[in-house]
Amino acid sequence: MPRFQRPTGTLDILPEEQSYWEHVRAHAIRLARRAGFERIDVPVFEATDLFARGIGAATDVVEKEMYTFNDKGGNSLTLRPEFTAGVVRAYIEHGMHVRPQPVKLYSIGPVFRYDRPQAGRYRQFHQLNLEILGTQDPAADLEIMLLVWDLYAGLGFRGLSFQLNSTGCPRCRPAYVELLKSYYHRHVDQICDDCRRRLETNPLRVLDCKAAQCQPVIEAAPPIGDHLCDECADHFAQLREYLDLLGKPYTLNHRLVRGLDYYTKTVFEVWAAGIGAQAAVCGGGRYDGLAEILGGPSTPAVGVAAGLERIILGMKAQEVGVPPLPPPPVFLAHLGPEARQEAARLADGLRRAGIGAWLAFGERGLKSQLREANKRGASYVVLIGEDELAQGVAAVRDMRTGEQTEVGLAELVGWLQERTGR
RNA sequence: GUGGGUGUGGCCUAAUGGUUAAGGCACCUGGUUGUGGCCCAGGAGAUUGUGGGUUCGAGUCCCACCACUCACCCCA
């Protein structure tokens, strides 16, 4: 048992996992850039209050999942549990409202939530985050949804399900919440203990309950869609019209509510199978009030966060392949002190010419070096011994066929460039 | 925070409560003076998660803790 282990809920992403990560990251960034999103990197930690006010003091994330600490200056800081609050803070702080609106930003990196780990859930995990700030056009909501659509489809996911709802705005939601509460109070004897608690802390969440006894109550509950104000209803109708126009299948889910306080109007999730109990591979929506809450100019905005670990788990469950990260094609083996020097020189020369090269270390027998070359997956072994050195050549062994040819040291780089396609 | 499952070399697994904890994979060396994969031989690598307890004797039984894992809450 090692003396030190990784902290609970964290993951070491080992070399053999990296092909997934490279592929997913590269694909995500390609899609974001082609839709005009620019990258922004915000700090991994921010003032605690930014998250408390942005996400909502009564949410689970803020109440029990934040990594909060005091720095030596006595400031309360928190490892970001999501990107949006920090990105909106940066938007305000750098006066980005004077740029051509809207501003489209993407971020990718680790986020942190103190939670009990389970399949698809970690204390440090990674998100791709997309935000469109400065427009309330439903076309922006559409664009965000289309982008994650292409993200999953382009990676090869099948059987995805897009869940869509509108949860209204500060003008219409409070009245609906009251309606829902009074409806639930009339059925309080039929619902589960959790829902009785939710009714007080976060009433909308009762719609999301999975307890069997609550299902009939949820079925008969008043749907929020019937109680949106004109603006919200119109916005939602336009978004659905776009989606229908583009032939994108989605499920209207009036039970879809989301755990963060800042959402207004549009909320959506993408569900995928194969990640244990976790269905959502991404979640997002519109947050027209957040910038003002954080002390900035009123800025309507919409965004989404996609969990990279869940994407990769889903890909593995669906056996979606990724291109391998090839090892250096050339392995340099050597025999004798002078040959070793020449090999070191050649390794440098090959790499400068753009050819991946692995130099054998130590003074070992040729058999041992060839075994190593084989295990490292080299395509060619460049072998230099005293004999070759005396003739100014290297023996180049094709590891696939076993054929061996002598190549002049001066021509070696060009010879290998031709064969390794550089 | 709650509940279930699981902890034996890097990985997978074996060991009626009874010698020195066994095997496979992987790793290293050798089977050629300078030639990989297959094969053969050898080597290194474990105070059996930690700490207590029961017992003449514990990897094995009991307790606690820790970790991993799955699920709940909630979320990506």
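## Exercise 1: a salt bridge and its network

Asp 288 and Lys 265 are joined by a salt bridge whose closest N and O atoms are 3.8 Å apart. A salt bridge here is a side-chain nitrogen of Lys or Arg within 4 Å of a carboxyl oxygen of Asp or Glu. This is a predicted model, where local features need pLDDT of at least 70, side-chain atom pairs count only at pLDDT 80 or more, and totals for chains, interfaces and linings use all residues. Residues are numbered from 1 along each chain as its sequence is written, chains are lettered from A and ligands numbered from 1 in the order in which they are written, and side-chain values use heavy atoms, with hydrogens and water left out.

Task: find where Asp 288 and Lys 265 lie, and say whether they are buried or exposed.

Step 1. Asp 288 sits in the loop between strand 10 (280–286) and helix 10 (290–293), while Lys 265 is in strand 9, so the pair ties together parts that are 23 residues apart in sequence. Helices (H or I, at least four residues) and strands (E, at least two) are DSSP runs, numbered from the N terminus.

Step 2. Asp 288 and Lys 265 are both buried. Buried means under 20% relative accessible area, exposed over 50%, and partly exposed in between (1.4 Å probe, protein chains only).

Step 3. Now widen the view: a network of salt bridges links Asp 141, Arg 171, Glu 231, Lys 265, Arg 286 and Asp 288. The count of salt bridges comes to 25.

## Exercise 2: a pair within one helix

Task: which helix holds both Asp 348 and Arg 352, and how many residues apart are they?

Step 1. Both residues lie in helix 12 (residues 337–352), 4 residues apart, about one turn of the helix.

## Exercise 3: an enclosed helix

Task: how many residues of helix 4 are buried?

Step 1. Of the 10 residues of helix 4 (residues 84–93), 8 are buried, so this helix is largely enclosed by the rest of the structure.

Step 2. The buried residues are Thr 84, Ala 85, Gly 86, Val 87, Val 88, Arg 89, Ala 90 and Tyr 91.

Step 3. These buried residues pack against strand 2 (45–47), helix 2 (48–55), strand 5 (103–112), strand 6 (124–133) and helix 10. Contact means heavy atoms within 4.5 Å.

Step 4. Follow the chain onward: just after helix 4, Gly 95 takes a positive phi of about 55°.

## Exercise 4: a loop residue

Task: where does Asp 261 lie, and which residues does Asp 261 touch?

Step 1. Asp 261 belongs to the loop between strand 8 (251–252) and strand 9 (264–271).

Step 2. Leaving out residues up to four places away in sequence, Asp 261 touches Ile 55, Gly 56, Thr 59 and Arg 173.

Step 3. With 43% relative accessibility, Asp 261 counts as partly exposed.

Step 4. For a distance across the model, take Glu 38: its C-alpha atom and that of Asp 261 are separated by 26 Å, and the two residues are 223 residues apart along the chain.
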